[in-house]
Amino acid sequence: MHKGADIVLQCLRAEGVELVFGYPGGAIMPLYDALEGSGVRHILTRHEQGAVFAAEGYARVTGQVGVAMATSGPGATNLVTGIADAKMDSVPLVCITGQVRSALIGTDAFQETDVFGVTLSLTKWSRLVRTIDEIPEAIAEGFYWARSGRPGPVVIDIPTDMLKAKKEFSGPVKFTPHARPADAKADGGFTDTSFTTKIAALLQQASKPVALVGAGAKLSGAIPELRRLLDHLNIPTFATVHGLGAVPPESPYYLGMVGMHGTRAANTALNESDLLMVFGARLDDRVTGEPTRFAPHAKIVHFEIDPAQLDRVRPCEVSVIGNLADTIPSFQAELRQHSLPDFSGWRAVACGAERAELDPRGLAQPTIRFLDELFSRLPESSVVIADVGQHQMWAAQRYRSSSPRGFITSGGLGAMGFALPAAVGVQLAKPDTCVLCVSGDGGFQMNIQELATVRRLGLPVKMVIIDNKYLGMVRQWQQLFYQRNYAETDLSDNPDFVEIAKAYKIHSFRLNEDAMREFPVSNETGDEIDRFLRSPEPELLVFDCAPEANVFPMVPAGAALSEMLLEEEPTQ
Amino acid sequence: MPAGQPARTPELQERRYRGAKQMQSFYIRYRNTQGTLMRILNAASRRALDLPVVQAEPAEHDHQVTLALDVNQKQVGQLYREWYAIADVIQVSSDQVSSGAAHTAEWTAAHPPAGVTMEESRAAARA
C-alpha cells in the first residue's frame, strides 16, 4: 500500500522531476513528510512566490517543466503571480497545492481557498483531485499539458486526506490525449504545405521584407533551422525580448530588439517594411505599439504554434500554425526552388551604420557603460536574468547573447521581484554557469527574502542592483507623460542593500557612477568587476544610478513605432 | 502598385475587421471535465461579453454548451481560437458566421502539441 503523497512523488519522478521548489504548510504536510528518500529534491524558498519564480527560472533555462509546491489558502494564492507569468511567457510549470481535507471543501475552512477557481483563467489545465485513484492520471495529464503545444502552467490541487490515504499502486501512468475532429483537420492542414508557395510568392513581390523572431524560436527547439532560414533570407531581422539570443547578434542582418524600447534600426525597418515574417511571437502591444499603425505598409506572414494568438493585432496574409521545428523546414525546402529577389539595397539601408547607433545620450549614460563593462566580462555561456523596469530594458538592449536561453526575464506579465528567485532556479539547473541577476531597487525588495535561499544553498549567483532610488520606469513615464509628478515612486529611503546582504552573510559592495566616467574604466574597477563575476560565492553589487536616467529609444504608449523618442523631450 | 503606396490602409482594414456586432449562437462540444465549461465561459466573460443565453447539456458521448453572444467578426475569430485552445473542447460551430469565416482553417486548427510527434498526433486523430 502506498500513501497518496508517495504516489505523487513517484509520479513526479516518472515525469523526470528532480527538483521542486516550495514552502510547506498545513494541508501539504503529508507530501513534505514523504519527501525524504523519494528521489525528489526540495528547495525551500522563503516565500511561495519565490518558489514559483524559481521553478520558472529552472524551466526557462532548461526547457523542462518547473515544479512548485505550496499549501492551501495563502500558500496557493501566493503562487498566482508566477502562474500568470508562466501563462504569458509560455513557461512549462506544474504547481501542486495542498487543499483542506475533502469533507471541509466549500465550508470556508481554515486556509481554504478555491485555488482551482482562482487560477482557472491563468492555467492551461487544472485538476482538483477527488480520490487517491485520480492522482497518477492527474499528474500525467498535467505534465502533458504543461509541455505540449504552447507550454504553460498547470495546477493540481490535492486535498490533504488524499495525500494521507493509501492504496495499491502499480506505477505511474502515461496520458494520451483524446483525438478530436479539429486535431485531425489541423494535422491534415499541417501536412498541406501550400502555405510555402504563398509565402514564396509574397517574398517575390516584396521589396522591403523583414523578419521578427520571438520566444517560439527557442521553445520549439528550432534554433538551427531558424538560423539557416534567416541566413538564406538575409533580410533585416529583429527580435522580441524573449527572442533575444535566437539570432546571433553579430549576424549582419540583425538589428536587435524591436518594440517599445527597441533599437531605432529595428523599429524603423519594421515601420518601412512591406512584408513582415513573424516566427513564434505573440505580437503584443509592447512589440507593436499602436496596433492600427503597426507595420502600416506590410503584409504579415505569421508562423505560430498557438492559434489563439493569430490575427489578434491584425489579420495576416498567411498564418502557419505549427511547431517551427516542422514548419520552417517545409518553408525552406520550398524556398530552395526559388531564387530570392535582390534585397541588398534594402538591407544596406535598414542595417546601415546610420541607423544602427543607439542614442548617443544613452551611450554616455554611466549605467549603460556599467552594464556594457559587466556584460563584456561575463564568461561564455553565462545566463543573465533581468527583473522588471528600466534596468530590464537596458539589459535587453545591451546584452548580446548568442544563447537562446541566455537572457531570461518576465516579459509578458512584467512581474517585479522575478529575477532573484528565478536566478535561484537557473543556478540550480546550471551549477557551473555564471548566473547574473540584474534588478532594480524596487524589484529586488519584492523578493529580497530569497537572499536566504541563495545563502543557504551557497549558490554563486551574482546579483546586481541598479539603484536609482526610484521606481525608475514608472518615474520615467511620470517625467515624460505626467509633467514630472513623481507620485509615490520615490524610494530614497531605501535600506542599505550592502548592509542587508551582509546580514545574510553575502559579500556585497557598492560602485557609483564616478567609476564609469572614465572610458575605458580604470584597472581597479575592471578588476573588481572581474573578481565579482568569478567569485565562487554569492555576491551583491549595488550600482548607484542617476535618479533620473531614462531608457531610450522609447515608444510612448498609444504611439506608433515610428514615433519613438530618441531622447527626452521637454514636458508639455 | 506604385512604389511607396501602402498595401492597405490599416485603419480601414481594422474597421472592416472589427465590423458591426451581431448576435450569434455558438455551439461548443466538450468533454465534461473539471473546469472546461468555466473555461469556455471565461473566454466570453474576459471580453466583458454578456451571456444572455447559456445552455449546457449532454450531447451523445460528450456535452455541448450553446451560447448567444453579441460579437463582431474579430471577436468571433478570437473566441473560436481560444475555445479550441482549451484542452477538452472538441468542436466549435456557430450560426450566422460571415461567409467562409467558419471554415477559416486556423480557427478550427487546434495545434498538434509540440510534445507529440506528427506520427503520434496522426495516430491519436485516427484512434
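What follows is a dialogue about strand pairing, a crossover and helix packing.

A: This is a predicted model, in which local features need pLDDT of at least 70 and side-chain atom pairs count only at pLDDT 80 or more, while totals for chains, interfaces and linings use all residues. Residues are numbered from 1 along each chain as its sequence is written, and chains are lettered from A and ligands numbered from 1 in the order in which they are written.

Q: What is the strand order in the open sheet of 6 strands in chain A?

A: Strands of a sheet pair through backbone hydrogen bonds, either parallel or antiparallel. Here the order is S3-S2-S4-S5-S7-S6 of chain A, with parallel pairing; strands (E, at least two residues) and helices (H or I, at least four) are DSSP runs numbered from the N terminus, and two strands pair if DSSP finds at least two bridges between them. Strands S3 (41-44) and S6 (125-128) of chain A are at the edges with a single partner strand each, so one side of each has no neighbour in the sheet. From one strand to the next, the twist averages 20°.

Q: Which strands of chain A does helix H5 touch as it packs on the sheet?

A: Helix H5 (residues 80-89) of chain A touches S4, S5 (93-99) and S7 (153-159) of chain A, and its direction makes about 145° with that of S7(A). Contact requires C-beta atoms, placed from the backbone, to lie within 7 Å, and angles run from 0 to 180 degrees between N-to-C directions, with axes being lines fitted to C-alpha atoms, for helices over the stretch in contact.

Q: How many bridges join S19 to S20 in chain A?

A: Strands S19 (residues 507-512) and S20 (residues 539-544) of chain A run parallel and are joined by 6 bridges, with A:His507 opposite A:Glu539 in S20(A). The chain passes from S19(A) through helix H26 (residues 523-534) of chain A to S20(A) in a right-handed β-α-β crossover, meaning that, with the strands pointing away from the viewer, the path from the first strand over the helix to the second runs clockwise.

Q: At what angle do H2 and H3 of chain B pack?

A: Helices H2 (residues 36-45) and H3 (residues 73-84) of chain B pack at about 155°, with their axes 10 Å apart. H2(B) is therefore roughly antiparallel to H3(B), given that angles under 35 degrees count as roughly parallel, over 145 as roughly antiparallel, 65 to 115 as roughly perpendicular and the rest as oblique. The contact involves B:Ile40, B:Ala43 and B:Ala44 of H2(B) with B:Leu79, B:Glu82 and B:Trp83 of H3(B).

Methods
Two residues are in contact if their C-beta atoms, placed from the backbone, lie within 7 Å.
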